[in-house]
Amino acid sequence: MSPGKDVVLDVEGARVQFEMDRGVARVLDDVDLSVSREEIFGIVGESGSGKSMLAASMLDAVEDPGVLSGSITYYPSPDEPVDILELSAEELRQLRWEEIAMVFQGALDSFNPTLRIGQHFQETLSAHNVDRQSGMERARELLSDLYLEPEQVLASHPHELSGGMRQRALIALALLLEPEVLVMDEPTGALDLLMQRSILSLIKKLQRKYNLTIVFISHDLPLVANLADRIGVMYAFDLVEVGTAEDVVEGARHPYTRALLKAVPNLETPYAEMQPIAGRAPDPVSVPKGCSYAERCPLADDQCLDVHPPYDDLTDEHRVACYYPEEAPAAIPLPFEDQSVERPDDPPEAAGAAPGKEGSR
Amino acid sequence: MHWLINRLGRAILTIVGTVSLSFVMIRLIPGGPLDYLRGQIRNQNPGMSSDAIDALVEAQAAINPDQSIVEQYVSYMSSVFQGDLGTSTWYGDPVNQILIEALPWTLFVMALSLLFTFAIGIGLGAVMAYKEGSRFDYTFSSVSIFFNSIPYYVLGVLFLFVLSYQMDLFPTGGRSSDAVPVGFSVAFLLDALYHAALPVLSFVLTRFGFQALAMRGNSINVLGENYLRAAKIRGLPGRRIAFQYVGRNAVLPLYTTLMISIGTMFGGAVILEEIFAYPGIGYYMFQAIDARDYPLMMGAFIIITTAIVAAILFADLTYGLIDPRASGGETRETY
Ligand SMILES: Nc1ncnc2c1ncn2[C@@H]1O[C@H](COP(=O)(O)OP(=O)(O)OP(=O)(O)O)[C@@H](O)[C@H]1O
Ligand code: SF4
Ligand SMILES: [Mg+2]
């Protein structure tokens, strides 16, 4: 977005639509996003907000019958743009995993149950014409980096490994072909708290060692805040706030981001103990014409309901899709911010919707 | 190893148990076969003394009247374990000889039936899954369900009547033509296939549908798996995905079905071989029941039981080789 930055992945107007009986579901709604080289970019949002769609779009891997449009540009070097959506099938096949790799949501069943872990590494090497000897050496190194016993893991079948081991083996497999970019969709979803935190430190370590660009997707804001350099917050199929981790956690300006933060008493609170935000996200078949958060927002007014808010660039790094970014902190106070003394008796459940409805009429 | 012995032991116990049970049933149950035989002889020879009738019954059932039932059981079982199934009262030949000569023919028909059932089922099921929701899928799903709902013996009788008697396209009985000398020649093989065609067709047509629908369901499940999506994005070649990913994972669950089909097919063979007058194990079993030839009946029964148990044991022992998730063995149960 900001010129002069070393962008590695540039997403512009990315849109995913599904033809359904009820109508057309737009599950990714003109998303713009630039990922800089060697950063960790975190994407958070509630379930169904389109995070996985955005992740899949980055590899042009949205599954049928979803249709992806817009433009996704990959920069192997700053002056060498590759338009991912224009690639031939074979070029795309090579780009995936060699340049941009992915760890899927539901990673625990990303291995073929009838093959050994080692066979997954080998078949990937030969599919991309990489020398098996040196490729397997890299596999062993990656597995050791992830605190796994290489020989033992390579000889195992998936069901013989614990969830955490499988998860780490999958990360090793994703890094096998030395990709520039690693997209991780909920890589910690199925793990317990301790395992989640230890995977995070491993991811940080790998990022530094291999100079990776990582797109890290989670519904767990505290988790992402601990890891990412920059954070994008998704709501109803689009990004509503993007900024550095400090911008988004300490200076959040979008009412939805603030509601998310308010639901978390402190950043160490596990996701499972968070309070839900009242109200429901819009249906992808009929997204409101105005701000998609208006129905749950305490600040919503007629303008919000009528016209989709454009991005407001607060700083070079920090942008918010909201008409009232300046008013948001006072309207949705956070317990760990000083201004929260305004309404100290607020129960945490009242994080938005009820007064929002009245305020908008 | 311990597990293997355990499995083998259980298999043998199953066989011994079933054989003993049928031995006892034949002899002891009131209104059982022996009483029936006795009644029949009495009806045909109203003047005969009951001692004479008993003697006749014992001769026909090959029972030694001087022995108690327990002694009879022990002596029968011990000769069975020595491989001696007695002498057929109807044919006058050793039961062993009759059954050993018949067995290859039954196995021939069953092997062909299984081969075609599974080849057609797996192939068709895979294509249906691949074209899920298409006209092809819809048509062949219906066809599969239709054929699967016809009993094999009904189709057998129909084939025999129309294709053999009415149209004279296939033989009405027998395993091979007298004109073709038995031996390893192409002519003999073709002749054997010609004779086996209708029984095999009756089996295959009434069974492929079940396998096709099972394969279709399994494949569709695999197509939705995460590992399949991951494999595609890793850029694996289409052939590897089709065989190592979809094929292997979809066929695996059919393996146990295959082995169990061997059992049910032996059961079906008794009836089909009778319909097509095809002298295999089933045919002789039917003849033996008709003629109250107990040694032959028991012998055929033992062979069929053993084959079924052996097939299931084989499935159990080899499943671990093809499905790594099952290789633990100890905690698994197939029967
Ligand atoms: N095959 C499909 N057809 C129609 N709609 C779909 C399909 N797959 C997903 N969607 C819709 O797309 C939207 C975004 O889905 P996506 O998987 O990206 O959500 P997510 O943010 O990753 O959620 P989660 O945290 O639960 O993984 C959802 O509202 C979902 O209902
Ligand atoms: S203030 Fe208006 S624009 Fe901002 S989030 Fe609320 S409804 Fe949307
Ligand atoms: Mg998701």
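Tutor: Two strands count as a pair if DSSP finds at least two bridges between them. Please note that the model is a predicted one.

Student: What makes β1 and β4 of chain A a pair of strands?

Tutor: Seven bridges join β1 (residues 7–20) to β4 (residues 67–74) in chain A. At least two bridges are required, and therefore β1(A) and β4(A) qualify as paired. The two strands run antiparallel. One of the residues concerned is A:Gln17, whose bridge partner in β4(A) is A:Val67.

Student: Why are β2 and β5 of chain A called edge strands?

Tutor: The open sheet has four strands in the order β2-β1-β4-β5 of chain A, with antiparallel pairing. Strands β2 (23–36) and β5 (82–83) of chain A each pair on one side only.

Student: How do you know that A:Leu212 is buried or exposed?

Tutor: The relative accessibility of A:Leu212 is 1%. The term buried applies under 20%, so A:Leu212 counts as buried. A:Leu212 is found in the loop between α7 and β8 (213–218) of chain A.

Student: What makes a group of residues a nonpolar core, and which residues have the most contacts inside the largest one?

Tutor: The members must be buried residues of nonpolar kinds, such as Leu, Phe and Ile, joined through side-chain atoms within 4.5 Å. The largest core has 108 residues, and those with the most contacts inside it are A:Leu9, A:Leu33, A:Phe121, A:Phe216 and A:Ile231. Helix α7 (residues 193–210) of chain A gives the most to this core, with seven residues. Another core, of 81 residues, lies apart from it and includes B:Leu114 and B:Tyr245.

Student: Why are α9 and α10 of chain B described as roughly antiparallel?

Tutor: Helices α9 (residues 226–233) and α10 (residues 238–275) of chain B pack at an angle of about 180°, and their axes are 11 Å apart. Angles over 145 degrees count as roughly antiparallel, and therefore α9(B) and α10(B) receive that description. The contact is made by B:Tyr227, B:Leu228, B:Ala231 and B:Lys232 of α9(B), together with B:Ile241, B:Tyr245, B:Val246 and B:Asn249 of α10(B).

Key
Residues numbered from 1 in each chain as written. Chains lettered and ligands numbered in written order. Predicted model: local features only at pLDDT ≥ 70, side-chain atom pairs only at ≥ 80, totals over all residues. Heavy atoms only, no water. Buried < 20%, exposed > 50% of the residue type's maximum accessible area, 1.4 Å probe, protein only. Axes fitted to C-alpha atoms, helices over the stretch in contact; angles between N-to-C directions. Parallel < 35°, antiparallel > 145°, perpendicular 65-115°, else oblique. Contact = heavy atoms within 4.5 Å.
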